[in-house]
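Look at the model first, then read on.

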Amino acid sequence: MLFVRLGTTHTSIAPWESEIASLKRYCEERGIAQDRLELIQGFSDEVLPTLPKDELDLVLIDGGHGFPTPIIDWYYAAGRLRNHGVLVIDDVQLPAVQMLLAFLDADPRWTRIETTPKWVAYRRDSEGTLQEGHEKQDFLGESRMWTHSAPRTRIFDRLRLNKKT
Ligand SMILES: C[S@@+](CC[C@H](N)C(=O)[O-])C[C@H]1O[C@@H](n2cnc3c(N)ncnc32)[C@H](O)[C@@H]1O
C-alpha cells in the first residue's frame with residue numbers, strides 16, 4: 001500500500017483471491033487511485049517469469065518464505081532491477097531468506113544499504129539478467145558458507161574403506 005500511496009507504478013503478486021479483494025476494497029474505501037496498481041493473483045514462481053521485462057526501480061521480496069521461493073523471487077524480480085535499483089527483503093530471520101542474504105553479501109554486485117532486525121535493503125550494482133555460469137562467481141569460493149568438505153570427506157573415507165574389504 002505504501003507504494004500505491006506514493007503514486008508509483010506498482011505490481012503486486014499474491015496467491016489468494018481474498019487478499020486481492022481486500023487490497024482492492026482498502027483502496028476503494030479510501031478513494032486511493034488504483035490505475036497505477038496491478039494486482040496479480042498467483043504464486044510468484046509462476047507469475048514472475050510471465051511479466052514484461054520492464055526495468056524496475058525497486059523490488060520488495062516478502063512472499064513465500066520456504067526454500068527456494070525467496071531465491072526464485074530474487075532471480076526473476078531482482079533480475080529486472082536497473083543499475084543502482086533497490087532490493088528490499090523482509091523476514092531476514094528465516095532460513096531460506098538467510099541463504100539468499102549469504103549469497104548477496106558475498107556478491108560484490110550487491111551492496112547492503114540498510115540493515116534492520118526484520119528487513120534489509122541492497123543496492124544493485126549491475127544490470128540485466130541474473131543468469132550466469134559458476135565461473136563468474138569466484139567470490140563464492142572465498143566463503144566457507146558454501147563448502148561442505150566435512151560430510152564429503154566422511155563419504156570418501158567410507159568409500160575407501162569399502163574398497164579395501
Ligand atoms: C508476510 S505476508 C506479507 C504481505 C505484504 N508484503 C505485507 O507486508 O503486508 C506474505 C505474503 O506472501 C504471500 N505468499 C505466500 N506464498 C507466496 C507465493 N509463493 N507467491 C506469492 N505470494 C506468496 C502470502 O499470501 C502473503 O500475502
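Predicted model: local features only at pLDDT ≥ 70, side-chain atom pairs only at ≥ 80, totals over all residues.

By class, the shell around the ligand holds 5 nonpolar, 4 polar and 2 charged residues. Here Ala, Val, Leu, Ile, Met, Phe, Trp, Tyr, Cys and Pro count as nonpolar, Asp, Glu, Lys and Arg as charged, and the others, Gly among them, as polar. The shell consists of Ile13, Ala14, Pro15, Trp16, Glu19, Phe43, Ser44, Asp62, Gly63, Gly64 and Thr69.

Residues are numbered from 1 along each chain as its sequence is written.

Next, the strands. Helices (H or I, at least four residues) and strands (E, at least two) are DSSP runs, numbered from the N terminus. Strand 5 (residues 110–115) pairs with strand 6 in the antiparallel sense, over 5 bridges. Pairing requires that DSSP finds at least two bridges between two strands. The two strands form a hairpin, with 3 residues between them. Thr115 stands opposite Val120 in strand 6. Strand 5 lies largely in the open because 0 of its 6 residues are buried. Buried means 20 or more other C-beta atoms within 10 Å of the residue's own, exposed means 12 or fewer, and partly exposed is in between; C-beta atoms are placed from the backbone.

Now the backbone. Most residues other than glycine have a negative phi, and most peptide bonds are trans.

| Residue | Phi | C-beta neighbours inside 10 Å |
|---|---|---|
| His84 | about 70° | 12 neighbours |

His84 sits in strand 4 (residues 81–90). His84 counts as exposed because it has 12 C-beta neighbours inside 10 Å. Asp91 is in the loop between strand 4 and helix 5 (95–106).

Which kind of peptide bond joins Phe67 and Pro68? The bond is cis, with omega about 5°. Pro68 lies in the loop between strand 3 (56–61) and helix 4 (69–77).

Last, Gly141. This residue is in the loop between strand 6 (119–124) and helix 6 (149–164). Gly141 counts as exposed, with 10 C-beta neighbours inside 10 Å. The C-alpha atoms of Gly141 and Ala106 are separated by 9.6 Å, and the two residues are 35 residues apart along the chain.

Key. Near = placed C-beta within 6 Å.
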